[in-house]
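Visitor: I would like to go through the pockets and charged pairs of this model. Please keep to computed values.

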Amino acid sequence: MKIHEYQAKEILKAYKIPVPKGNVATTPTEACKIAEELGGTVVVKAQIHAGGRGKGGGVKLAHTPAEATKAAEEIIGMTLITHQTGPEGRLVKRVLVEEGMKIVKELYLGIVIDRASASPVIMASEAGGMDIEEIAETSPEKIIKETIDISAGIMPYQVRRMAFALNIKKEIFKDFSLLLTNLYKTFIEMDCSIAEINPLVITDNGRVLALDAKMDFDDNAQYRHKELIDLRDFDEEEPLEVEASRHRLNYIKLDGNIGCMVNGAGLAMGTMDIIKLAGGEPANFLDVGGGANEEMVENAFKILMKDKNVKAVFINIFGGILRCDVLAKGVKQAVENIKVSVPVIVRMEGTNFEEGKEILKSADFNFIIASGMMDGAQKAVATLKTGNR
C-alpha cells in the first residue's frame with residue numbers, strides 16, 4: 001500500500017522526525033490561504049504516487065500568495081507525466097504547500113528490506129535529490145549501506161558510521177542521529193516495505209529535515225494498522241487491482257497480452273516465465289489462491305476480460321487445495337455470464353482433473369486443453385499469431 005507525501009510526513013512528524021511546515025490544498029484558494037499563513041516563499045508540490053514530479057512540472061516555487069495561487073491553478077487538474085507514471089500520467093487532485101528554505105546540502109536516506117539477508121537495510125548517499133536507481137546504475141560507490149540485525153535493532157555505532165560516511169558536521173551530528181534512529185523505528189513499527197527521505201536536507205541555519213517522504217506498507221500487516229485504511233487513495237491505484245483486492249484476489253497488471261490465471265504465487269511466476277520463454281508477454285499476475293471457490297474463480301476471469309490488452313487467456317492450475325472441478329465450474333460460469341471473444345487455454349493437473357475436463361467440455365465454449373505448462377504457453381502464443389480460438 002502506498003500513500004501520498006503529505007500523509008507520509010504526518011507519520012514522520014508523529015515519530016519526531018522534522019518536516020517543513022505546510023498543509024495540503026485541493027483548490028487554488030486553499031493554496032493561497034496556506035501560503036499566507038506560512039509567509040515568505042513557499043513550494044507547491046503535486047501529490048501523486050510517483051516520483052520525478054519536479055521534472056514533469058509538478059513542483060513550483062512561489063514567492064507570494066498570488067504566485068502560490070497561480071502555481072496551484074496550473075498543477076491541480078493537470079495530468080502529470082513522470083518516468084514512474086508511464087505515458088498515461090496521473091491526474092493531480094491536490095497539492096502540498098510548504099515553507100521555502102535555503103538548503104546547503106541534500107542527502108538521500110532510505111530503508112528497505114533486503115530479501116537476500118532477510119534484514120532491513122539502510123541506504124544513504126550524499127547525492128540526494130536524485131533517483132536512487134540512477135545513482136546505483138551510474139555511481140554505485142556513492143551509496144552507503146548498513147544492514148540491521150532485526151533482533152537487535154539499529155545500533156549506535158551503525159548510526160555513527162552512517163553519519164561519518166555522509167560527512168555530517170559535528171554541529172548537527174546529534175540531530176541527524178536522532179532522525180535516523182526514529183526513521184528506523186518508524187519503519188519497523190509501521191510495517192513499512194520502504195521508508196524513504198529524498199532529499200533529506202540541511203539548511204543554512206542548521207536544520208535537518210525531510211524535504212520529501214515516501215512510504216509503502218506491507219499489505220500483509222494491514223490488520224495491525226487500521227489507522228492506515230483511510231489513507232488509501234484508490235484513484236492512484238490500478239482499477240483492476242482495486243477490484244481484485246475486493247474479491248480477495250492477488251492481481252497485478254502488466255504490459256503484455258496473455259492473461260494468466262493460476263493458483264499459487266510460485267506457479268504464477270513460473271507461468272509468466274514460461275510465457276516469455278514461448279515468445280509471448282504476460283498481461284498480468286493473477287493468483288486465485290489455494291482456497292478459492294467457484295465465485296472467486298469467476299470474478300478472477302471477469303477481471304481478466306476487463307483488460308482490453310488481453311488477447312488470450314492461459315489458465316494454469318495444479319489441483320491440490322483448489323480442486324480442478326471447482327476451477328472448471330468457476331470458469332464455465334464466467335464464460336456463460338460474460339461475452340468472451342478471446343481464446344482460452346487451460347492446463348489442469350491434480351485433484352479431480354478428469355471431472356474438471358468434463359465440466360469444460362460441457363460448456364458452450366471451445367476451450368483449448370493443454371497437456372503441460374510449455375504446451376499451454378505455446379498454444380497461447382500460437383493463437384495470437386493465427387487469431388483462432
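Visitor: How many nonpolar, polar and charged residues are in the lining of the largest pocket?

Guide: This is a predicted model, in which local features need pLDDT of at least 70, side-chain atom pairs count only at pLDDT 80 or more, and totals for chains, interfaces and linings use all residues. Residues are numbered from 1 along each chain as its sequence is written, and side-chain values use heavy atoms, with hydrogens and water left out. A pocket is an open set of points on a 1 Å grid over the protein atoms alone, where a 1.4 Å probe fits, with protein on both sides within 12 Å along at least five of seven lines; lining residues have an atom within 4 Å of a point. Counting Ala, Val, Leu, Ile, Met, Phe, Trp, Tyr, Cys and Pro as nonpolar, Asp, Glu, Lys and Arg as charged, and the others, Gly among them, as polar, the lining has 10 nonpolar, 9 polar and 14 charged residues.

Visitor: Which residues lie nearest the centre of the largest pocket?

Guide: Helix H7 (239-246) and strand E13 (250-253) each supply at least two lining residues; helices (H or I, at least four residues) and strands (E, at least two) are DSSP runs, numbered from the N terminus. Of the 33 residues in the lining, those nearest the centre are Asp-219, Glu-237, Glu-241, Tyr-251 and Ile-252.

Visitor: How many residues apart in sequence are the parts that Glu-5 and Lys-45 tie together?

Guide: The two side chains meet in a salt bridge at 2.6 Å, N to O, the term being a side-chain nitrogen of Lys or Arg within 4 Å of a carboxyl oxygen of Asp or Glu. Glu-5 lies in helix H1 (residues 5-14) and Lys-45 in strand E2, so the parts tied together are apart in sequence by 40 residues.

Visitor: Is Arg-224 buried or partly exposed?

Guide: Arg-224 pairs with Asp-191 in a salt bridge of 2.9 Å, N to O. Buried means under 20% relative accessible area, exposed over 50%, and partly exposed in between (1.4 Å probe, protein chains only). Asp-191, at 16%, is buried. Arg-224 has a relative accessible area of 47%, so it counts as partly exposed.

Visitor: Which side chain of opposite charge is nearest to Asp-216?

Guide: Asp-216 is found in strand E12 and is buried yet has no salt bridge. Lys and Arg count as positive and Asp and Glu as negative, while His and the chain ends are not counted. At 4.6 Å, the nearest side chain of opposite charge is Lys-214.
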